[in-house]
Amino acid sequence: MPTDKEVKKEFRAVASKNPEKYYAVSVLQENGFLRQQCKTCGKNFWSVERRETCDDASCSGGFRFLGNTPATEKLDYIQVWKRFASIFSERGYTPIARYPVVARWRKDTDFVQASIYDFQPYVVSGEVEPPANPLVVPQFCLRFNDIDNVGITGAHYTGFDMIGQHAFMKPADWNQVRYFGDIHNWLTKGLGLPTKEIVYHEDAWAGGGNFGPCMEFFSRGLELGNQVYMLYEQTPSGPKELKLKVLDMGMGHERNAWFTQGRATSYESTFPTVLKNLRHSTGLGVDEELTRKFIPYASYLNVDEAEDMDKAWQMVAHKIGHNEEELKAAVLPQSALYSVAEHSRTLLIALADGAIPSNVGGMYNLRVLLRRAQGFIDHYGWNVTMQQLCEWHADYLRPLYPELVEHLDDVRKVMDVEIAKYRASKDKIISVAAKAAASDVDTNKLVELYDTQGIAPELIQTEARKLGKKIVIPDNFYQLVAARHEQPAQDTATKKEEIDLPTLPDTNILYYDDWERLEFNATVLHVKDKFVVLDQTAFYPTSGGQLHDIGKLGSQNVVTVFKQGGLIVHVVDGTPDVKTGDKVKGSVDMLRRRQLAQHHSATHIVNAAARRVLGSHINQASAKKELDKAHLDITHYDNLSEQQLESIEKEANRIVKEGIPTKLTLIPRTQAEKAFGMTIYQGGAVPGKVLRIVQIPEVDVEACAGTHVHNTHEVGEIKLLKSSKVQDGVIRITFVAGDAARKEREKEKHLLLEIAQELGVDAPLIPEAAKRLFDHWKKAKKAAEKKSPIPAAETSPLEISEGNLIEKAAAFLQTQPDHVLKTLQRFKKDISDWSRK
């Protein structure tokens, strides 16, 4: 199979020979556009005036709208979307709200990178209906390949709003002429552009196995957007027409606002109030005239394209008639200011949508942004905080994204922790930087020191300068750092067995409506080795982190169950005594099913309780439900304290005691997303055009296929055992519920009695004694590690009030049971010896 790049090149040649077939030529000709070819790049383009080049900045002489925009409509950032949505509504499009930037509905990416991501894979494939058709959306997107360019070029972003124009049509309903006419109407009526100021470029697009033509639209050197028409599928036998044709128009929100205002940089028009506040707080002014001279040449400083950055700076300085060092002195502080403004907006929206900075996968980029921005603030000594910046952004964006203000408290908390980590390591960083500067430091070492210890390369450069040494920081430094984290985080999804199976109808699932459905009759569809497939079953397969059911099929034991595609496969203990076409009775083990259902429903309850206690950023990263215990991994920025665990447990048990009925329903995917939002995707992407929604009203709503109790009261007591950090940004809560919780209580009670008998004291006094001993033991251990004198014990642990009842004992044991139980078991002799002393 050819690569996307090869497909694009080949198809562009095909389309250029037959433009009437692949482009809306009739609309262009009706409006007086002439087809021409660029003498510089060779691309075909359309313009109402004869010209030698296309309008790409590299061919036409750079940006020519700065301070002199041809747009008669002067629109600020908010007005661009409002006007766009209004005009397209009149033309039959439905404006929809943006999707979260954290793409929980997809398993192939951490973040939304284009507006079409909202509708992949299920809408684009035709498996589910779109939320509207056609539609427009102001979709905020994240891309981290341009971190080093942000600020310096005046136009690069890590977070940007892609205004999408989308349609998903069967071939008979496809109307490319209409879609192109609608975007032409936006340019002429929405922006107020004369047709002579518009240049359309013919091009092609390929990606994800699909391809088709596309039309880019430019004015005075700036690309305003691009209409892609997904028409074909790439197959081994050649192109095949798609059953569903897709319009994918992506238009730069920031670019359109910049273009209509003609400001010196895109940042000035994108976050005007934030920059105004920043300049007031920092005292840093802006030389608009110098900036306007500089920006047309700023693209030469793009780290992806400049082979020698020193020479690039010299060339730019020469072109605008400035000394290189003076130019840098004027430009770099402004670039830092723009970077701080841009990075803080990206962080605000990502954190508000539930992202947590981490050292794993794509989330690491958020930490890079925060530390880069904070590094600029520290370097220039600016009197401003990242939290303030987020507040300013949220206020300005309120008409567009009103939800940001609601999440400011959570954003502040995450930033507080991240900046505290950054600050805590600063003294150590300076020391390490000085040592590093004294040795030979190459690019790999610079990247490693930043990645592992957060040491900014500029700091090492400064320390080296003190020693008379020169260290060169690569211009694409942050790209190199991010590349180390491009591999995805470890997949915690349930590992599945795979066998060869014939084409069979999907298994009818009987446990969806009733976890107590334990017996059933079925017809055998397929038998192979020890594997049996039925037309319907009540057996739950290992999936979603939940263990499988066991039981019987006829007279044979079912030892494991797994799902393959739409089929549920039963594994029996021996050669199956049934054959295809037989009728068979199945029965599921009641005690195992009940415990697993209790643990699964408890997982949803603990997740909801953690969100109530810790904040709306809490989401399930993964979970596992076994017989003896379960665990829930949540997205959180810090370790949990004993008090937080107690609060979560208290809230979870309050939900249990309310006896809230659980609603289990099968809902079409699009309908479920409209009704409940994208937070239904907890713990990973959920496949299928119909979702099973598990709803605990006013508590939790998730897309989930597991077994669940009918009422929260059936979960029984929930007891949190411990919490631990699984990875940066992910905290694991281990717990027991129902029957397993009762067993845990019995184990604790037995241990208390055993120790009480050994010491000859009343059982209710033991937990407080254990706590005192444990606290002393921790101090002693730390002292031993430091080789310092072991501190004397405080009051004997048995000199406690008679008022410490078993409730207090239980409360303590459930906050740190692993520590306490292990300590009690390991130090029974210590307790006895110490009490005698």
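Threonine 603 lies in helix 21, which spans residues 590-614; helices here are DSSP runs of H or I with at least four residues, strands are runs of E with at least two, and both are numbered from the N terminus. Threonine 603 has 0% relative accessibility and therefore counts as buried. By buried I mean under 20% relative accessible area, by exposed over 50%, and by partly exposed in between, with a 1.4 Å probe and protein chains only. Leaving aside residues up to four places away in sequence, threonine 603 touches Gln620, Ala623, Lys625, Leu632 and Phe735, where contact means heavy atoms within 4.5 Å.

Before I continue, a word on the source. This is a predicted model, in which local features need pLDDT of at least 70 and side-chain atom pairs count only at pLDDT 80 or more, whereas totals for chains, interfaces and linings use all residues. Residues are numbered from 1 along each chain as its sequence is written, and side-chain values use heavy atoms, with hydrogens and water left out.

Three strands form an open sheet in the order 20-21-22, with antiparallel pairing; two strands pair if DSSP finds at least two bridges between them. Strand 20 (663-668) and strand 22 (700-703) each have a single partner strand, so one side of each is left without a neighbour in the sheet. Ignoring direction, neighbouring strands of this sheet are turned by 25° against each other on average. Between strand 21 (residues 690-696) and strand 22 there are four bridges, in the antiparallel sense, and valine 694 has glutamate 702 in strand 22 as its bridge partner. Helix 21 packs on the sheet by touching strand 21 and strand 22, and its direction makes about 125° with that of strand 22. Such angles run from 0 to 180 degrees between N-to-C directions, with axes as lines fitted to C-alpha atoms, for helices over the stretch in contact. Helix 23 (residues 669-676) lies across strand 20, strand 21 and strand 22, and runs at about 120° to strand 20.

In which order do its six strands close? The order is 11-12-16-15-14-17, and the pairing is antiparallel. From one strand to the next, the twist averages 45°. Within this set, strand 14 (residues 551-553) and strand 15 (residues 556-564) are joined antiparallel over three bridges, and glycine 551 stands opposite valine 558 in strand 15.

The largest nonpolar core has 171 residues, of which Phe84, Trp186, Tyr200 and Phe294 touch the most other members. A nonpolar core is a set of buried Ala, Val, Leu, Ile, Met, Phe, Trp, Tyr and Cys residues joined through side-chain atoms within 4.5 Å. Helix 12 (residues 324-352) gives the largest share of this core, 13 residues. A second, separate core has 31 residues, including Ala602 and Val656.

In helix 9 (residues 272-282), the residues Val274, Leu275, Leu278, Arg279 and Thr282 are buried. Why are they on the same side of helix 9? They cover an arc of only 130° around the axis, taken from the directions from the helix axis to the C-beta atoms. The face turned away from this buried side carries the exposed Lys276 and His280. The buried residues of helix 9 pack against helix 8 (266-270), helix 12 and helix 14 (386-396).

Finally, the charged pairs. The whole structure contains 43 salt bridges, each a side-chain nitrogen of Lys or Arg within 4 Å of a carboxyl oxygen of Asp or Glu. One of them joins glutamate 202 and arginine 35, with the closest N and O atoms 2.7 Å apart. Glutamate 202 lies in strand 6 (residues 199-207) and arginine 35 in strand 1, so this pair ties together parts that are 167 residues apart in sequence. Glutamate 202 is buried, at 3% relative accessible area, whereas arginine 35 is partly exposed, at 30%.

Arginine 654 forms a salt bridge with glutamate 651, also with closest N and O atoms 2.7 Å apart. These two are three residues apart in helix 22 (residues 642-657), so they are separated by about one helical turn. A network of salt bridges links Arg367, Glu418, Lys421, Lys725 and Asp728.
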